Amino acid sequence: MLTYIIRRFLYSIPVLIATSFLIFTFVSITGDPLGRLRANPNITAEQIHSIEHDKNLDKPVIVRYGYWIRDAVTKKFGTTLFGSRPIWPDLKRVIGHTLQFILAAIIISLILGVAIGVYSALRQYSVFDYTATTLSFIGFATPVFWLALMLQVLMVQIFLKWHVRIFYTSGLSSSVGAGHGFHFLLDRVQHLALPVIALCALSTATYSRFMRASMLEVLNSDYVRTARAKGLMERRVIMRHAFRNALIPLITVVALDFGGLFAGAIVTETIFTLDGMGYYFVNSLFASDPYPVMAWLMVVATMVILFNLIADILYGVFDPRIRYE
Amino acid sequence: MSSQQVRDELTIGPPGSQYSMPPAEGPADSSEELTYQYGLEVEARSQWAYARRRFFRHRLALGSLIVILLIFGAGVFANLIAPYSYDQINLNALSAAPSRHHIFGTDSAGRDSFSRVLYGIRTSARVGILVGVLSTLIGTIIGGLAGYYGGWADNLLMRVTDLFLTLPLLAVLLVAAKYLGHSTPTKLALLLAFLIWTQIARIVRGSFLSLREKEYVEAAKAAGAGDLRIMLRHMLPNTVGPIVVSATLTIGTAILLEAVLSFLGFGIQPPTPALGALLNEGQDQGIDKWWLVTFPGIVIVIIVLCINFIGDGLRDALDPTQRRVRA
């Protein structure tokens, strides 16, 4: 087992290096970061040449990749192209906020998705099952950003009609009077509630559909029939034999969904102006600055690879049929 | 069932081919009716006839097809249906809530939101269908080559797939849309097609990998058929089902992606109305004007929902191993 973990960990290193090269070439070849400066009549060709020379933009892509990797490792991704602002302190701050936000969304949608999926499978073709199915189909068709907008619209209408503020529609905390201790926590929850709901909807739909299918498959398997035949209580059959086995494949689904949550974070954070990774990414893109964009992509790729690694290991822990040799 | 229909169903192979039955003569009609009445079903149906029957029995899919035709039709004929043009300004109704004259309300420039949504459907449908066609073409060609030969096509497919396994698709799309330039629907559709063909390619590759080992492919090879003939005549027809299903679903994905890109400001730019761009404008004008963000979004949800149902219906209908007609 331990050798498997180590080998799997070592294997992810070349994957990460290949990804870093893909990211660098992709971002470099898709655009000219100085395009806007070139279009500016007040900036002469010499000035542009000197910027190109300073930032090594006149070298071939492969050489620039070498410089970039050096800076990424030794200087924590270096500085932005315009304004020479260090990237890492900003990125470190927003990573913390976004992880809070994404982990909350994963936990909530896992609880909801598993509960709905299992209950749907146990009461197949019941009213509850049909309602859950319909809702998840609507969930698959609803863009995350529109759901976020509708939640904002709803809160704004409630506020305009009855002057009650249930949840805030933008920011991470109130700028004044956020308070300390419990009040700070409550304030944070009031701010994060809507973005988390918006982010959870799609994942909950995915997990519940998957859990339903997985549970139905397990309920029709031979060992469940055996468990029933030897006279176990239905409750025990479902909790000990069916549920625990149906849960295993969900690990892979959650791991694959992890990257998608970052995509969801891009839109929800932009709409709710949360100081997180998604908002940072969109702002860097608008500023046409390639280096924070590359750093962002690199951090997300690392996290996705790491998360998949953890998922693989967990799969091995929970599924004894998998043997590592 | 009329005799014409019965005759159609006796047809084996494409209509007009050498395998078609000769036209039935007068007396044959009654005997066919008789066998039919006594439950002695002898009719042979082509795969397509089975598929069509199964699809039309799938009520949800059929209903969705009708709804989607209505919505896309309204978009295509927007210039005939829309009560106003998409940039016509009504100074007497600035930011007006929905009313009898403007059923979806107006924006801060006094433009009719309903008309703009109709024109938006036209743009979004165009992007969706273009992406569906293009990515199916690219995906089928590369996936087919990858499955049949391996080699460079397989390598390309695997590398692009790897990229999307570690990076969120939306982030990659945003970077590409930002730097490659955006604005026109056709450009955006090309960009989307060049990034989302991998799903269809993977399906075709998988199918070709397994079909390559089939006896009839071996037989065709033994009979001296070339690679191209084997791929086009023997393998591709057996993959049509999954290709059609995922092409349909791709249209829905493309409409969602177009909406989110335009909403974030990296997709279709004003003044061209697209559903995502309308939501962007709606948010800019303040979400207390709820009608500006509600209606275009509902239209997106209905379109994508219907496309998903149609995809489901097609999946059931085009699976040749499934003979059971769904009620």
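Trainee: Is the crossing of H9(B) and H13(B) left-handed or right-handed?

Mentor: The crossing of H9(B) and H13(B) is right-handed. A crossing counts as left-handed if the near helix is turned anticlockwise from the far one by less than a right angle, and as right-handed if clockwise. Keep in mind that this is a predicted model, where local features need pLDDT of at least 70, side-chain atom pairs count only at pLDDT 80 or more, and totals for chains, interfaces and linings use all residues. Residues are numbered from 1 along each chain as its sequence is written, and chains are lettered from A and ligands numbered from 1 in the order in which they are written.

Trainee: At what angle do the axes of H9(B) and H13(B) cross?

Mentor: Roughly 120°, and the axes of H9 (residues 185-196) and H13 (residues 240-264) of chain B come within 11 Å. That makes H9(B) oblique to H13(B). Under 35 degrees counts as roughly parallel, over 145 as roughly antiparallel, 65 to 115 as roughly perpendicular, and the rest as oblique. Axes are lines fitted to C-alpha atoms, for helices over the stretch in contact, and the angles run from 0 to 180 degrees between N-to-C directions. Helices here are DSSP runs (H or I, at least four residues), strands are E runs of at least two, and both are numbered from the N terminus.

Trainee: Which residues of H9(B) meet H13(B)?

Mentor: Leu188(B), Leu192(B) and Ile196(B) do, and they meet Thr250(B), Thr253(B), Ala254(B), Leu257(B), Glu258(B) and Leu261(B) in H13(B). A contact means C-beta atoms, placed from the backbone, within 7 Å. The residues of this H9(B)-H13(B) contact are six nonpolar, two polar and one charged. For those classes, Ala, Val, Leu, Ile, Met, Phe, Trp, Tyr, Cys and Pro are nonpolar, Asp, Glu, Lys and Arg are charged, and the others, Gly among them, are polar.

Trainee: Which residues of H9(B) are buried?

Mentor: Pro185(B), Leu188(B), Ala189(B), Leu191(B), Leu192(B), Ala193(B) and Ile196(B). Buried means 20 or more other C-beta atoms, placed from the backbone, within 10 Å of the residue's own; exposed means 12 or fewer, and partly exposed is in between. What covers the buried residues of H9(B) includes H6 (113-149), H8, H10 (198-211) and H13 of chain B.

Trainee: OK, switching to chain A. How many helices and strands are there in chain A?

Mentor: Chain A has 13 helices and zero strands. Its C-alpha atoms fill a box of roughly 85 × 65 × 40 Å along the principal axes. Buried residues make up 33% of its 325 residues.

Trainee: And how many for chain B?

Mentor: Chain B has 15 helices and zero strands. Of its 327 residues, 42% count as buried.

Trainee: Back inside chain A, how do H8(A) and H11(A) lie relative to each other?

Mentor: The axes of H8 (residues 181-219) and H11 (residues 250-271) of chain A come within 10 Å and cross at roughly 160°. That makes H8(A) roughly antiparallel to H11(A). H8(A) passes H11(A) in a right-handed crossing.

Trainee: What touches what there?

Mentor: Residues of H8(A), including Leu199(A), Leu202(A) and Phe210(A), meet residues of H11(A), among them Val253(A), Asp257(A) and Leu261(A). By class, the H8(A)-H11(A) contact has eleven nonpolar, five polar and one charged residues.

Trainee: Why does Pro83(B) count as exposed?

Mentor: Because Pro83(B) has 12 C-beta neighbours inside 10 Å. Pro83(B) is in the loop between H5 (78-81) and H6 of chain B. Leaving aside neighbours within four places in sequence, Pro83(B) is in contact with Asp112(B), Phe114(B) and Ser115(B).

Notes:
Two residues are in contact if their C-beta atoms, placed from the backbone, lie within 7 Å.
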